[in-house]
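Dear colleague,

Please find below the structure that I am handing over to you.

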Amino acid sequence: MTNKYMYFIANWKMFEEHKKTLDIEYLAMSSQYKERNSYTNEELEQFVKENADQLKRDFIDFKYAILNPKNLIGLEEFNQEFFDEIDKIENKISQGETFESILENINVDIKEVNKFVASSAMESNEDIIYSKKSTKLDIIENGDNFLLYSITDKYELEADLNDEATRDDMIELVYQKGKFDLNRSVIEEIQKKEFDNNKFNEMGADNLETISLNSINDHNTFEENSVKILYSLPINSFTLVSDKNNEIYLVKVINSKDNPYSENDDNYLKFVQNQNTENRKSILASYDQLLNNKYNVQLNQKTIDRVKNYFKW
């Protein structure tokens, strides 16, 4: 099959898809996922046990002081004197002085924190220090303050479900794994042709919805690539697709019908325009090749351009 005919077929198929309506029955997979707060202690413990090595986290013990103009020079403003004092502290760090010796003559509160691991928000002073844990002693800027910190110990610990923050993290991990496992199970059944109407209706129960996609460019419900997948499937097919928010849906294509169109239809006119352009290109290419092959001569470019301009009209 020549490139010209392949181009024609591809464009005609695209035009047909523009004027085709798909009737879709779908189910939000979120209705099938187990709720976060329904996971038992036993399930969480089993998950932690099975993934113990991957769930180990780095903890640190450290102490730190908040430095600002008020507690460093007795003023409220950030002036040159304050930044000179900060420079002195940085010099002391580079010279190997200890956290305690640096603060010996500075009246500030020292906070001690043990068994700390950063939160996902990474907003607190402690979180900022945790992000710098590769350096044992340093001074860092955080908003309107400077933090002088000293890390006294670093170690790994397994996930502790008695810690509220850790427990919340484990619940989220188990929930996401449950979603992934269910989606994978459904798509594998579809691929093996083991998923049928009975299973679809059983999962859907009262949650099934029906819509019509007006064309392959109808992205009001599902995202662009998902719509393309749906238009490639035969009637009574099942698949998983997503919307713009990455929510997953189980979908069945229940009907397909052509929309009427006229020669004034925008998509039809676009198809004809593209096809005419391709035909002109094909004629010109064939003309050049014919002359070159038959006469084996170098033609004057102006002559070729005149001939090409003739065909453009």
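Of the 313 residues in the protein chain, 33% are buried. Please note that this is a predicted model. The protein chain holds twelve helices and eight strands. Among its contacts with a separation of 6 or more, 67% are between residues 24 or more positions apart.

Helix α8 covers residues 164-191, 28 residues in total. From its first C-alpha to its last it reaches 41 Å, close to the 40 Å expected at 1.5 Å a residue. After α8 comes Lys 193, with a positive phi near 60°.

The buried residues of α8 are Thr 166, Met 170, Ile 171, Val 174, Tyr 175, Asn 183, Val 186 and Ile 190. An α-helix has 3.6 residues a turn, so residues three or four places apart point the same way. The buried residues of α8 are covered by elements that include the helices α2 (41-50), α3 (52-55) and α9 (197-204), together with the strands β7 (238-242) and β8 (248-258).

The largest nonpolar core comprises 22 residues. Within this core, the residues with the most contacts are Met 29, Met 170, Val 186, Phe 195, Met 203 and Leu 250. At least two residues of the core come from each of α2, α8, α9 and β7. The largest share, six residues, is supplied by α8. Met 170, one of the buried residues of α8, is in contact with Leu 44, Phe 47, Val 48, Leu 55, Ala 159 and Leu 161, when its neighbours within four places in sequence are left aside. Another core, of 17 residues, lies apart from the largest one and includes Ile 73, Ile 93, Leu 103 and Phe 146.

The largest pocket holds about 300 Å³ of space. Its lining consists of 15 residues, and those nearest its centre are Arg 57, Val 117, Asp 163, Ala 165 and Thr 166. Two or more lining residues are given by each of β2 (57-67), β3 (110-116) and α8. Here too α8 gives the most, with three residues. By class, six of the lining residues are nonpolar, three are polar and six are charged.

Yours sincerely

Conventions
Residues numbered from 1 in each chain as written. Predicted model: local features only at pLDDT ≥ 70, side-chain atom pairs only at ≥ 80, totals over all residues. Heavy atoms only, no water. Helix = DSSP H or I, 4+ residues; strand = E, 2+ residues; numbered from the N terminus. Expected span 1.5 Å × (residues − 1). Buried < 20%, exposed > 50% of the residue type's maximum accessible area, 1.4 Å probe, protein only. Contact = heavy atoms within 4.5 Å. Core = buried A, V, L, I, M, F, W, Y, C linked by side-chain atoms within 4.5 Å. 1 Å grid on protein atoms, 1.4 Å probe; cavity = no way out; pocket = protein on both sides within 12 Å on 5 of 7 lines; lining within 4 Å. Points joined across faces, edges and corners; volume = space filled by probe spheres on them. Nonpolar A, V, L, I, M, F, W, Y, C, P; charged D, E, K, R; others polar.
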